[in-house]
Amino acid sequence: MGRTLQNTMINLGLQNACDEAVYQLGLDMEELEEIEEDAGLGNGGLGRLAACFLDSMATLGLAAYGYGIRYEYGIFNQKIRDGWQVEEADDWLRHGNPWEKARPEYMLPVHFYGRVEHSASGAKWIDTQVVLALPYDTPVPGYMNNTVNTMRLWSARAPNDFNLRDFNVGDYIQAVLDRNLAENISRVLYPNDNFFEGKELRLKQEYFVVAATLQDIIRRFKASKFGSTDSVRTVFDSFPDQVAIQLNDTHPAMAIPELMRIFVDIEKLPWDKAWDITKRTFAYTNHTVLPEALERWPVDLVEKLLPRHLQIIYEINQRHLDHIASLFPNDVDRLRRMSLIEEGNTKRINMAHLCIVGSHAVNGVAKIHSEIVKTQVFEDFAELEPEKFQNKTNGITPRRWLLLCNPGLAELIAEKIGEDYVRDLSQLTKLHKFVDDDLFIREVAKVKQENKVKFALYLEKEYKVKINPSSMFDVHVKRIHEYKRQLMNCLHIITMYNRIRRDPAKLFVPRTVIIGGKAAPGYHMAKMIIKLINAVAQVVNNDPVVGSKLKVIFLENYRVSLAEKVIPATDLSEQISTAGTEASGTGNMKFMLNGALTIGTMDGANVEMAEEAGEENLFIFGMRVEDVTELDRKGYNAQLYYDRLPELKQAVDQIKSGFFSPKDPNLFNDVVNMLFHHDRFKVFADYEAYVKCQEKVSELYLNSKAWTKMVLRNIAAAGKFSSDRTIKEYARDIWHVEPSDLKIPPPNEPREAGQDKTPNGTAA
């Protein structure tokens, strides 16, 4: 979520008034804003997407709730010591959190372990351990529409009789100390992005958020006029018409068997009725196609922690496979491929398969990704129910990612096309008529230059590095991962360095290369990549021959509040994942909206950005998905490229020989070995095209006017990438609710009768 203060002032239309009031108190608002901690309660793009979605849902007047876990410690703080990443705990609640309100009156029990007892009256889950879920509510204000939605985050609490109810009063002190075991559930965020780690505590977290949330939703449904009761028993027929639940990846997949458990075991609905309601309630968003990221929980673990849920999953699977077998008799391989249970050394539950079978809609997050989901990853399921699979291209909120972080540019745009574009970003196309307006071109370039100077000052203050604000700011910020190919950027840096040293007199377009992002603490290769970038920076930044022509900076502790500073100052945005690996990307959209040009592969939303702006207005290079597939078929041989490309060979040899690590020449052996022998992401295959494309970037940068015109064509084409557009598509195609641009009257004005209930009916 990042910081909340400035976003709240902007959405309430109070920023100028607050700035002025604080100024009159002799304080500086910007200084005040810098004191607030980021709420870093998620990993990379998936977590940030949820935050943008909350802003858009409130702005569109949808009656929507965001549910999650109130981690005591969020994503770790990253320190760079001697070039290595070191993790520190993110104690973000140390000084309290003024935006949250604890709601103990809505506390709910969540059960773990125990056993299942079957009887004539049905199944009973008994002898469980209970953990209480305490909700904390954070307001989510819409933009200038007097709407405030809720983000409800659950915190784990031990019940007061924890470990004391079972006649073991022997050690009262120890029993109280053991309360920590229950409360550890919401202690810390697992810092993996695009990687599955099958730990018991993580599964507890996933079930914890799901069980508390579903009870909360059902309580609200029963209290509404729709939860009508036939003598004691609730009628749930209208449940899917009143409730839509969107699963953000497979992490909350246990919601599917949990809702079935509530309907069948507690509410005593017949299975078929319960299953119909469940399917119509859930929809699933897939966020990645990397196999190592797909959640596959060991059956033994689920059986121990959630015995009843395992039985329900088996029953879902049995009925699912019976259905497949009736359609495809004797096709045992299809049954194996489509089963929710994977046989092998350890039996595992494929959570993506559970989500597909238990949802009425499945979507990818960019056109190319949704195609890959349909034709490759889940092709058997798409063949069965093609109408279930959709695309919903991601977006970003223009409130935080333009108004808040780049007020200069936002104001320039408003002067030309009015202020309405903030709620309807498609209006940015009106900027096309100003692409040849010389004064406007100069003003846009001036705003970018001011942002660069400001960021350069920040870097000087924080990192004690002097950088040239007229150099091209070449920025690569995102989680550190092999598929995102920070290594390819690194090879390009080394290549530029070698060219400068080979011919110091030759014209070179000065660059400041900024790379930032966190590596998962257990991801060895990602940590080596950070060390390599810092080692290269050490050499490049201290070579007198290079001087101010080339500077390399690793941005420490990349997070939302730092993105808000670096993105508006960027000239060149690096989006260079191997085609077919980045589901969408959203950083790419933030840079586009903030006047950077993109160098990128035809991957994720880059494809649609090129479609919107025209491919000639992005720097597109490298293999397409088809080329990658073909190369896999032939077999990728890294040695071939190394032998054929002298500049690549020189750069790799320097890494290998210890040129960048003289004290330990073998330091980067693992990296080099990976690049030659098991590089799944084919860095060498795209290196040549990347370097050539970078030459075209430098050439254009020399012509400031032509560069800025291209920037303008990008900004004018960025309208599609508002999360408002994305959410309207979810609302119409999946949730079946109509967004309302009705501005609710402010609380100080009396409302007319009948205006007390939301017009939308459904809560998402």
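Guide: Let's start with a rule: a disulfide is a pair of cysteine sulfur atoms within 2.5 Å. We're looking at a predicted model, where local features need pLDDT of at least 70, side-chain atom pairs count only at pLDDT 80 or more, and totals for chains, interfaces and linings use all residues. Residues are numbered from 1 along each chain as its sequence is written, and side-chain values use heavy atoms, with hydrogens and water left out.

Visitor: How many disulfides does that rule give here?

Guide: The count is zero.

Visitor: Is Cys693 buried or exposed?

Guide: Buried means under 20% relative accessible area, exposed over 50%, partly exposed in between (1.4 Å probe, protein chains only). Cys693 has 5% relative accessibility, so it counts as buried. Cys18, with a relative accessible area of 25%, is partly exposed.

Visitor: And sheets? Which order do the four strands of the open sheet take?

Guide: Strands are DSSP runs (E, at least two residues), numbered from the N terminus, and two of them pair if DSSP finds at least two bridges between them. In this open sheet, the order is E12-E13-E17-E18, with parallel pairing. Strands E12 (245–248) and E18 (389–391) each have a single partner strand, so one side of each lacks a neighbour in the sheet.

Visitor: What joins E17 to E18?

Guide: Three bridges link E17 (residues 361–364) to E18, and the two run parallel. Gly364 sits opposite Asn391 in E18.
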